[in-house]
Amino acid sequence: MFEKVEAYKQELKDIAVKSAEELEQFRMKFISRKSVIGDLFNDFKRVPNEHKKRFGQELNHLKSLAQERFQHFVVELEQNTGNQASQSIDLTLPVQPDQLGSRHPISIVANKIISIFERIGFSVAEGPEVEDDWHNFSALNFPENHPAREMQDTFFITKNPDTVLRTHTSNVQIRLMENQKPPFRSIMPGRVYRNEAISARAHCFFHQVEGLYVDKNVGFKNLKDTLYHFAKEMFGKETKVRFRPSFFPFTEPSAEMDISCFICGGSGCKVCKQTGWVEILGSGMVDPNVLKNCDIDPEEYTGFAFGMGIERIAMLKYQIDDLRLFSENDVRFLSQFTGADT
Ligand code: DAH
């Protein structure tokens with residue numbers, strides 16, 4: 001056993017370590033708990049008593065020699081790699097700021113719309129994107145086989161044609177009115193789906209914000225006041241609005257709202273196609289049939305509703321001319337919105 005100790009001492013003196021792997025091998029062999037030195041300590045009990053003292057001293061000496069050599073190799077290796085690294089790193093360079101992400105323009109616009117309505121007492125409601133015919137169409141006064149259903153190209157679930165991907169966020173109006181008692185004052189943001197070929201102007205999914213206000217004595221004036229307030233908050237104090245008669249199965253009367261073009265102020269430009277006006281949303285007084293479908297008495301309650309496309313507003317606001325950019329996740333596009341939500 002004494003010879004073994006001598007042999008290891010010699011090995012420790014001769015050995016050279018040139019890489020991290022070799023250092024690790026060294027550590028395993030001489031330093032770790034399962035090292036050869038550890039084994040020798042385990043053998044200690046088998047050493048005859050008269051040799052125990054000398055063997056112990058020899059072993060301790062071997063152990064410190066191994067540790068000394070290990071420290072030496074660690075420092076040596078650090079110096080070698082450190083020298084190489086310090087040649088290529090200029091420690092006096094200023095620190096690069098961290099790359100921060102930015103909010104998606106759809107979220108920026110949705111949050112802005114939500115905060116405008118929240119400040120005047122609207123709460124936020126949400127509903128399912130996979131919807132049944134009743135909530136997406138029938139309860140909203142789209143009669144079966146009525147051409148109004150063709151206004152929106154629908155994705156039907158093949159296995160169950162009663163199930164659709166919602167074509168608008170108006171389904172949430174129904175879910176809200178079915179489950180709670182009036183008054184209602186809510187906005188409902190969310191994703192909607194249409195069976196359209198993808199192009200710069202159309203996509204198979206996009207986002208809407210729906211609005212619903214139902215109470216006693218709600219009239220068209222309330223609708224106009226609310227949406228006028230929204231237009232000014234969203235697009236600036238100078239904004240003018242105009243309402244054009246329109247048709248939606250779930251509102252009567254119905255109107256589309258245009259705002260004066262916020263790019264040219266109404267004098268005519270590319271964004272407003274020289275008309276001075278841009279269409280922003282659909283709206284109307286909730287059709288009595290819709291209230292009845294939700295067990296609300298239209299003699300007692302009336303209301304207004306509106307719906308707008310978030311992509312459309314974002315495209316106008318940021319002058320984006322291709323709808324596909326919103327879903328491609330190209331950082332060159334997205335990074336342009338850093339700080340846009342503040
Ligand atoms: N659901 C309509 C659409 O997707 C938008 C809309 C128009 C919603 C008028 C409404 C409304 O609540 O009153 O085109």
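The structure is a predicted model, in which local features need pLDDT of at least 70 and side-chain atom pairs count only at pLDDT 80 or more, whereas totals for chains, interfaces and linings use all residues. Residues are numbered from 1 along each chain as its sequence is written, and side-chain values use heavy atoms, with hydrogens and water left out. Helices (H or I, at least four residues) and strands (E, at least two) are DSSP runs, numbered from the N terminus.

Within H1, the residues Val5, Tyr8, Lys9 and Leu12 are buried, where buried means under 20% relative accessible area, exposed over 50%, and partly exposed in between (1.4 Å probe, protein chains only). Seen down the axis of H1, its buried residues fall within an arc of 105°, so they line one face of the helix; the arc is that of the directions from the helix axis to the C-beta atoms. On the other side of H1, Glu3 and Asp14 are exposed.

His135 is placed in helix H6 (residues 133-136) and, at 7% relative accessibility, counts as buried. The side chain of His135 makes polar contacts with the side chain of Arg175 at 3.4 Å and with the side chain of Glu178 at 2.8 Å. A polar contact is a pair of N or O atoms within 3.5 Å; within protein, one must be able to donate a hydrogen and the other to accept it, and residues adjacent in sequence count only if both atoms are side-chain atoms. When residues up to four places away in sequence are not counted, His135 touches Leu140, Asn171, Ile174, Arg175 and Glu178, contact being defined by heavy atoms within 4.5 Å.

Two cis peptide bonds may be described in the backbone. One joins Pro182 and Pro183, with omega about 5°, and Pro183 is found in the loop between helix H7 (170-179) and strand S5 (184-193). Another runs from Glu252 to Pro253, with omega near -5°, and Pro253 lies in strand S8 (residues 251-260). Positive phi values in residues other than glycine include that of Asp295, about 65°, in the loop between helix H9 (288-293) and strand S10 (302-309); Asp295 is exposed, with a relative accessible area of 76%. Asn329 likewise has a positive phi, near 55°, and lies in the loop between helix H11 (325-328) and helix H12 (331-334), where Asn329 is exposed with a relative accessible area of 54%.

The largest nonpolar core holds 42 residues, of which Ile113, Phe117, Ile280, Phe306 and Met308 touch the most other members. At least two residues of this core are supplied by each of several elements, among them strand S6 (205-215), helix H8 (220-235), strand S9 (277-286) and helix H10 (310-318), while H5 gives the most, with 8 residues. A nonpolar core is a set of buried Ala, Val, Leu, Ile, Met, Phe, Trp, Tyr and Cys residues joined through side-chain atoms within 4.5 Å. Not counting residues up to four places away in sequence, the contacts of Phe306 include Phe117, Phe122, Ile187, Val209 and Leu227. A second, separate core of 23 residues includes Leu140, Ile174, Phe248 and Val286.
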